[in-house]
Amino acid sequence: MEDFWGSVLSSSVALLILFAIMGVVYLIWSQVGVRKKRNYFKELHNELAPGQEIMFAGGIYGTIKSINGDKVEVKVRSGAVMDVSRYAIQEIQR
């Protein structure tokens, strides 16, 4: 009977080690993805200039009219001009 509990204990330890390794790999993988995304948006928000066509996170398209600090004036297709945060801009249409 002792042999049975010894094998259960050793297999449990092996399983815990496997879960720990998987957790470390997941943390590293997710940090790399977050870092790439952070750098992408940092560059995107620094490259903003009047006349560029952009897309918001909600899927609205427009053209930048002016930039005043963190506030951007964007003209949409209907002709309306909206004041939005520069951080709401998801993509520059190239």
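Reader: What share of the 94 residues of the protein chain counts as buried?
Author: In this predicted model, where local features need pLDDT of at least 70, side-chain atom pairs count only at pLDDT 80 or more and totals for chains, interfaces and linings use all residues, the share is 17%. Buried means under 20% relative accessible area, with exposed over 50% and partly exposed in between (1.4 Å probe, protein chains only). Residues are numbered from 1 along each chain as its sequence is written, and side-chain values use heavy atoms, without hydrogens and water.

Reader: Which elements make up the protein chain, and in what order do they run?
Author: The order from the N terminus is α-β-β-β-β-β, with 1 helix and 5 strands. Helices (H or I, at least four residues) and strands (E, at least two) are DSSP runs, numbered from the N terminus.

Reader: What makes S3 and S4 a pair?
Author: Pairing requires at least two bridges found by DSSP between two strands. Strand S3 (residues 71-75) and strand S4 (residues 81-85) have 5 bridges, in the antiparallel sense. Lys 75 stands opposite Val 81 in S4.

Reader: What lies between S3 and S4?
Author: The two strands form a hairpin with 5 residues between them. In the turn, Gly 79 has a positive phi of about 100°.
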